[in-house]
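Welcome! Here is a short briefing to read with the sequence and the 3D view open beside you.

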Amino acid sequence: MLVNQFLILAAILFAIGVYGVVARRNAVLVLMSIELILNAVNLNLVAFAMRNGSADGHTFALYVIAVAAAEVGVGLGLVLLIFRNRRTIALDELSEMKG
Amino acid sequence: MVAQNIGFGIIALMMVVGALRVVTTTNVVHAALWLVVVLSGGAAQYVLLGAEFIAITQVLVYVGAVMVLFLFGIMLTRTRIGREGGLNNPHWKWGIPVALLTLAATVLTLVSSFGGEKLPEDAAPISTQAVSDQIFGPYLLPFWALSFVLLAAVIGAIVLARKD
């Protein structure tokens, strides 16, 4: 197995996630795209851990998983709050902070 | 080695197709279910890379817990389940060049840096014990910080979602 096959797979997933963050309008779908990006990063970390034969990459991958879980919890809490106040979660309609 | 490469190819194809469906489907629930495919494929890749503990954590945390959160989020923020329009921005096409540029830059860098470098074939798998030695040894401070992040997230989510 090449190192690059894992890294390029992660790059493809990352790019798809970036497209999702830019293109999607529904806040829940944007959060899902962020999950794709975080997974791509985790794949990189584990691939490099195997390449270097060290456990550091695994440790960081576990930390990333925990932070992602926290992020989804808070993110969906925010989305629910916005939905309760505005009856919509379309991101382009939330323009109160526009200068 | 050949069998591993075939397995990698199948799982990678599944993950890419799933990820594309997540960002293109017009049904939010289907997006969540395709995300399950991608995350499970990620767990399989971790097994291929000799990281069993990460794979199991991925299944427990992502496929188990985060997915339930997403489905609850979808359930609570919409009035009907099914196809719906308006899931994309009016300017969603700008996302395609952005993603392609990101991909091109990353792949060019990777190919020039790691060309045909192979993963070590006879490497001993990294044991869970080694990972825990790392977490409770040199990386103890980040672990504490992470505990506070999770505590803050729990309290923050309760405060945000509470009816008052």
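Leaving aside its neighbours within four places in sequence, which residues is B:Val38 in contact with? They are A:Leu36, A:Asn39, B:Met15, B:Gly18, B:Ala19 and B:Val22. Please keep in mind that this is a predicted model. The points below start with the meeting of the two chains and end with a few single residues.

**Where the chains meet**

- Chain A gives 62 residues to the contact between the chains, and chain B gives 73.
- On the side of chain B that touches chain A, the elements giving two or more residues are α1, α2 (28–48), α3 (52–76), α4 (95–114), α5 (128–135) and α6 (140–161) of chain B.
- That side of chain B is made up of 53 nonpolar, 18 polar and two charged residues.

**α1 of chain A against α1 of chain B**

- From α1(A), the contact is made by A:Gln5, A:Leu9, A:Ile12, A:Leu13, A:Ile16, A:Tyr19, A:Gly20 and A:Ala23.
- From α1(B), the partners are B:Phe8, B:Ala12, B:Met15, B:Val16, B:Ala19, B:Leu20, B:Val22 and B:Val23.
- By type, the residues of this contact are 14 nonpolar and two polar, with no charged ones.

**α2 of chain A against α3 of chain B**

- The axes of α2(A) and α3(B) cross at roughly 175° and come within 11 Å.
- An angle over 145 degrees counts as roughly antiparallel, and α2(A) and α3(B) are therefore roughly antiparallel to each other.
- On the α2(A) side, A:Val28, A:Met32, A:Glu35 and A:Val46 make the contact.
- On the α3(B) side, B:Ile54, B:Val66, B:Phe70, B:Gly73 and B:Ile74 take part.
- Seven nonpolar residues, one polar residue and one charged residue make up this contact of α2(A) with α3(B).

**The largest nonpolar core**

- The largest nonpolar core has 64 residues, and those touching the most other members are A:Ala10, A:Leu13, A:Ile16, A:Val28, A:Met32, A:Val46 and B:Val22.
- Both chains contribute: α1, α2 (27–52) and α3 (56–86) of chain A and α1, α2 and α3 of chain B each supply at least two residues of the core.
- α1(A) provides the largest share of this core, with 15 residues.
- Leaving aside neighbours within four places in sequence, A:Val46 is in contact with A:Gly57, A:His58 and A:Ala61 in chain A, and with B:Tyr46, B:Leu49, B:Ala51 and B:Ile54 in chain B.

**Domains of chain B**

- Chain B is divided into domain 1 (1–81) and domain 2 (126–164).
- Taken over C-alpha atoms, the centres of domain 1 and domain 2 of chain B are separated by 23 Å.

**A closer look at single residues**

- B:Val38 lies in helix α2 of chain B, and it counts as buried because it has 27 C-beta neighbours inside 10 Å.
- B:Ile11 itself lies in helix α1 of chain B and is partly exposed, with 19 other C-beta atoms within 10 Å.
- Leaving aside neighbours within four places in sequence, B:Ile11 is in contact with B:Gly41, B:Ala44 and B:Gln45.
- The C-alpha atoms of B:Ile11 and B:Ala43 are separated by 10.0 Å, and these residues are 32 residues apart along the chain.
- B:Ala55 is found in helix α3 of chain B and is buried, with 20 other C-beta atoms within 10 Å.
- Leaving aside neighbours within four places in sequence, B:Ala55 is in contact with B:Ala43, B:Tyr46 and B:Val47.
- B:Val16, which lies in helix α1 of chain B, is partly exposed, with 16 other C-beta atoms within 10 Å.

Terms used: Residues are numbered from 1 along each chain as its sequence is written. Chains are lettered from A and ligands numbered from 1 in the order in which they are written. This is a predicted model: local features need pLDDT of at least 70, side-chain atom pairs count only at pLDDT 80 or more; totals for chains, interfaces and linings use all residues. Two residues are in contact if their C-beta atoms, placed from the backbone, lie within 7 Å. Helices (H or I, at least four residues) and strands (E, at least two) are DSSP runs, numbered from the N terminus. Ala, Val, Leu, Ile, Met, Phe, Trp, Tyr, Cys and Pro count as nonpolar, Asp, Glu, Lys and Arg as charged, and the others, Gly among them, as polar. A nonpolar core is a set of buried Ala, Val, Leu, Ile, Met, Phe, Trp, Tyr and Cys residues joined through C-beta atoms within 7 Å. A residue is buried if 20 or more other C-beta atoms lie within 10 Å of its own, exposed if 12 or fewer, and partly exposed in between; C-beta atoms are placed from the backbone. Domain bounds come from an automatic or database domain assignment. Axes are lines fitted to C-alpha atoms, for helices over the stretch in contact, and angles run from 0 to 180 degrees between N-to-C directions. Angles under 35 degrees count as roughly parallel, over 145 as roughly antiparallel, 65 to 115 as roughly perpendicular and the rest as oblique.
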